[in-house]
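Colleague: I have just opened this one and would like a short tour. Can we start with the charged side chains?
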Amino acid sequence: QDLLTERRSEMADPRASLQAHRRARAGAENADKAVMGRRWVDADVRPAGAKQQHRHRPLRVVTWNVQAERTRDSSGKGFSAVNARKAIARVLEMQPHLVFLQEVQLRAKGGEPAASDVRGDHSRLFAEALRAAGFAVYLPEQTVESRSDGRDRRPAAMSVLTAWAKSRLRLAEGEGALRAVEMGGFSHKSAAVVALVELRSNLRINTANVHLSVPLGKGGMQDDRQQLRELEAAITCLRATALATHSVDKKPTTSNAGPGAALSSRLAEAAGAVTLLAGDLNALPASAAYRQLCAQGMTSAYAAALRAEPEYTTINEAFGFVGTVDYIFASPGMRVKRVLGLRSPRPQALPSAACPSDHEPLAADFELWCTRAESANAGDRTPVSERRPAAAEGGAGMDKMGKRRKLGGCSEPGSECDCQTHAPPR
């Protein structure tokens, strides 16, 4: 309603429209600026036969593990509130539309919940700052099992936080739109699933904010079984959310592949919506967890844009580790336009004056695309608001000259596209 009011006022006053254009241009220029000494890198990736579905500003996604081993005191309790405030400022500086944060501190490790102080609850700092900047926030209350008694559960020390700009995204309808993932076992990690709707296209975006365990077992031996269980739990929850919100907004669809084919088990095809999974996976690009996501039809934004994963996303001096463990995975319906490049040469240590965490934040701009292969199985899943209205003369399926349109109403020369984006409403 606010957008409609603003648009009507612009139409009534041309000067207001010009001012709005200048504000939008200034915002776009600010969004292109370097962040934390890092510059944006354009991606030269376009699917064969793809058409741009929307011409507005790309959707900016940011993921960041904001905790830092080096900022804890000698007892291991705490994450400096000073660094927390720095992290908030860096997030807002990137001007994101969708934010995934991991290791948001709920209480000091080994301590009781406390006020927002040096070793207390910092989730309040993040939530209040993001809400003040126009974001909606989801911070699930996580609990973990006690190692001494599997039946005893206590509040977790950290959680994941998902935030979305209310000017660009809204929460999808349905009870399953917000879900905390049950990681199982003695896991101290967390994940959350949020189903959103992009306001300008009415496209549903199913998201997962994930923080997985380090793949180490007893004696420090390599063991990724717990990590894979956690990832499977997140994928299962993400799939359930996709189907739940799909059943609220739309009727189940079928395609030539047989009943229920549009509700495939692969995340990239789940319920006809695009999918984002981002966070600290604690998994290298050669890991089983990484391969599992690729098998689900997902693509890493940085690998797609840079043709390879970056050299590092974290520098952990406490464990002597340097490598890439943070990712933004997206389904084929989202095309990465550019990413925030990593520093080269890489810093010697993290956190630093520019980066208050031992992880670098990742950021990617996405455009929504529709390929002929995807549109062929689209059925009725595309909202009517995305379809181009029929011509005023000639009726549905006819152009203004009275000639019948090509299949699906797509105006591309020689096209046999059945893209619902270009089809007349039924």
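Colleague: Which side chain does Arg168 meet in a salt bridge?

Modeller: The partner is Glu198, with N and O 2.5 Å apart. Keep in mind that this is a predicted model.

Colleague: Is Arg168 buried or exposed?

Modeller: Arg168 counts as buried because its relative accessibility is 3%. Glu198 is buried too, at a relative accessible area of 1%.

Colleague: How many salt bridges turn up in the whole structure?

Modeller: The search finds eight. One of them joins Asp365 to Arg338, where the closest N and O atoms are 2.7 Å apart.

Colleague: Which strands hold Asp365 and Arg338?

Modeller: Asp365 is in strand 19 (residues 362-370) and Arg338 in strand 18 (residues 334-340). The two residues are 27 apart, and the pair links distant parts of the chain.

Colleague: Why does Arg338 count as buried?

Modeller: Its relative accessibility is 13%, and the cut-off for buried is under 20%. Asp365 has a relative accessible area of 2%, so Asp365 is buried as well.

Colleague: What about Arg343, which side chain does that one meet in a salt bridge?

Modeller: Arg343 meets Glu360, at 2.5 Å from N to O. Both residues lie in the loop between strand 18 and strand 19, so the pair ties together parts that are 17 residues apart in sequence. Arg343 and Glu360 are both buried.

Colleague: Which residues are joined with them into one network?

Modeller: Arg38 comes in: salt bridges that share partners join Arg38, Arg343 and Glu360 into one network.

Colleague: Changing topic. How many disulfides are there?

Modeller: The search of the whole structure finds zero. As for individual cysteines, Cys237 is buried, with a relative accessible area of 12%. Cys294 is partly exposed, at 36%.

Colleague: Now the inside. Which residues have the most contacts within the largest nonpolar core?

Modeller: Those are Leu101, Phe126, Leu276, Ile328, Val336 and Phe366, in a core of 62 residues. Another core lies apart from it, with 22 residues, among them Ala208, Ala233, Leu281 and Tyr327.

Colleague: Take Ile328. What does Ile328 touch?

Modeller: Leaving out residues up to four places away in sequence, its contacts include Val61, Thr63, Leu276, Thr299, Leu362 and Phe366.

Colleague: And on the outside, which residues form a nonpolar patch on the surface?

Modeller: Leu284, Phe319 and Phe321 do, with about 310 Å² of accessible area together. Phe321 is in strand 16 (residues 321-323). Phe321 counts as partly exposed because its relative accessibility is 31%.

Colleague: Last, the overall picture. How many helices and strands does the protein chain have?

Modeller: There are eight helices and 19 strands. The chain has 426 residues, and 52% of them count as buried. Its accessible surface comes to about 20,400 Å², with 51% of that belonging to carbon and sulfur atoms.

Colleague: What share of the contacts joins residues at least 24 apart?

Modeller: The share is 73%, counted among contacts between residues at least 6 apart in sequence.

Conventions
Residues are numbered from 1 along each chain as its sequence is written. This is a predicted model: local features need pLDDT of at least 70, side-chain atom pairs count only at pLDDT 80 or more; totals for chains, interfaces and linings use all residues. Side-chain values use heavy atoms; hydrogens and water are left out. Helices (H or I, at least four residues) and strands (E, at least two) are DSSP runs, numbered from the N terminus. Buried means under 20% relative accessible area, exposed over 50%, partly exposed in between (1.4 Å probe, protein chains only). Contact means heavy atoms within 4.5 Å. Accessible areas come from the Shrake-Rupley method with a 1.4 Å probe; for residues, only the protein chains shown count as cover. A nonpolar core is a set of buried Ala, Val, Leu, Ile, Met, Phe, Trp, Tyr and Cys residues joined through side-chain atoms within 4.5 Å. Patches are made of residues with over 30% relative accessible area and no salt bridge: like charges are joined within 9 Å, nonpolar side chains (Val, Leu, Ile, Met, Phe, Trp, Tyr) within 5 Å. A salt bridge is a side-chain nitrogen of Lys or Arg within 4 Å of a carboxyl oxygen of Asp or Glu. A disulfide is a pair of cysteine sulfur atoms within 2.5 Å.
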